[in-house]
Amino acid sequence: MNRTEPEPIQRIAEFATGIAQSDITVPPPVAELCREMMLNAAGAALAGAAHPDGVALARVVREMGGNGRSTIIGMGMRTSPVYASLVNGTLVRLLDYDDNTVDSRAHVTAAVFPPVMALGEMHGYSGPDVLTAFAAGCEVAARLSAAGLQGASAGAVGAAVASSMLLGLDADGLASAIGLAVDAASGGMEYGSAGAAAMSEGRAAMQGVMAALSAEAGIDGKSASATVGTADFADLGVRWRLEDPGVTIRPYPCHPASHSVIDAILGLAQLHRFEPSDVSAVHIGVTAGATEQLPHVLPADGWQARRSIGFIAAATLCHGAPLINFFSEPAVRDEGVRDMMERVSVEATLSASPLALDPAEVAITLNDGRTLRHRIDHPRGSPAMPLDPEELDAKFLYCTRYILPADHIDEAVSSFRGILEIENVTGMASVLGG
């Protein structure tokens, strides 16, 4: 290997080739989690396919053309693996319904899942090969994000690693792909719409697969100045960040910092059976970080509503567990929810800890004078309170019920659950087309 390569890039390349050559194995708990992440991503993308921004991006890609060998999820069309990765990565992120790493809230699946499915469909790779590449790419992206690699570059590198493994690149080729990907994707900006924000992950997916294809074609992307930040790779392949500190698979289509608030309200409502009209005041205690990440006091649209503690709390009190349609334009103007928001106050009174990153304490005062309190440290979907398979299957059904026929839904769920037994993922990917 070229001696000018930075050691971290060399270490990543050795990790990926070690897995490809079966010198390093993906632990069974990580493989099981990755199956859940892939199934969840497919469902989130199928739901996102109905969003106007997703439809618009697919139309742009259709006009640009492509070789038509990789499925755009939920759109009934195929394009090149590069363009499919762009659209599908965007669709996975579009509704805030995907997963995220616990520590850095990185959306590693949105960047890595689309390339492995696009290349797998194009070349007919096996399920075990696709799952293994996905796990390795997500692990690399998770470590880079935790170390502070800016924007979507961590996802682009993860996508490049996973794509390179499927394409059979050696350590030199992998290092080239990483070098080409590391500075390719931009992100981390504050966007004003769901589509613009989601496209940062779509671009990461696209740039990662493009970097791998370019390296396969012989373009040397190795550089003495390329850097992937300060991540610690000494135990790469031994300890898996996907398992510890883990990944949250979201049960609600909104920012994860709000999920403890939702669970606290739902817990109180189930226990005490009050009606929205019974509520006179609601006080919510969260961390300062939550108030920074959920800054919108009076949201103007669905995108802002997903980042508004007051709106999310009021909508949950009025209608129950948040669903996709909670964040539509008409729902944001719901008079009952707006009235409830006037009774909600939010204050940064809690501290985050490694064991409870997004705690929330909710106090609901009823018209009869009673005050009901509940605190949640670990929301549903987090590693401490993971969704069970039945819950994830129900989420997939909810996301796909208007897009896939019933037999395709069953086939998709069975395929992801049994991916280790699939010899060729072409059919598995194409069934997601809708």
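Buried means under 20% relative accessible area, with exposed over 50% and partly exposed in between (1.4 Å probe, protein chains only). This is a predicted model, in which local features need pLDDT of at least 70. Residues are numbered from 1 along each chain as its sequence is written.

**Exercise 1. Which residues of H8 are buried, and what covers them?**

Step 1. Locate helix H8: residues 171-182. Helices are DSSP runs (H or I, at least four residues), numbered from the N terminus.

Step 2. List the buried residues: Ala171, Gly173, Leu174, Ala175, Ser176, Ala177, Ile178, Gly179, Ala181 and Val182.

Step 3. Judge the helix. Ten of its twelve residues are buried, so H8 is largely enclosed by the rest of the structure.

Step 4. Find the cover. It includes helix H1 (7-20), H7 and H9.

**Exercise 2. At what angle do the axes of H7 and H9 cross?**

Step 1. Take the axes, which are lines fitted to C-alpha atoms, for helices over the stretch in contact (heavy atoms within 4.5 Å). Angles run from 0 to 180 degrees between N-to-C directions.

Step 2. Read the geometry. The axes of H7 (residues 153-167) and H9 (residues 194-216) come within 7 Å and cross at roughly 40°.

Step 3. Classify the angle. That makes H7 oblique to H9; under 35 degrees counts as roughly parallel, over 145 as roughly antiparallel, 65 to 115 as roughly perpendicular and the rest as oblique.

Step 4. Name the contact residues. Among them are Gly155 and Leu167 of H7, and Ala204 and Glu216 of H9.

**Exercise 3. Which residues of H13 are buried?**

Step 1. List them: Ile309, Gly310, Phe311, Ile312, Ala313, Ala314, Ala315, Thr316 and Leu317.

Step 2. Look just after H13. Glycine 320 takes a positive phi of about 95° there.

Conventions:
This is a predicted model: local features need pLDDT of at least 70, side-chain atom pairs count only at pLDDT 80 or more; totals for chains, interfaces and linings use all residues. Side-chain values use heavy atoms; hydrogens and water are left out. Helices (H or I, at least four residues) and strands (E, at least two) are DSSP runs, numbered from the N terminus. The expected span of a helix is 1.5 Å times one less than its number of residues.
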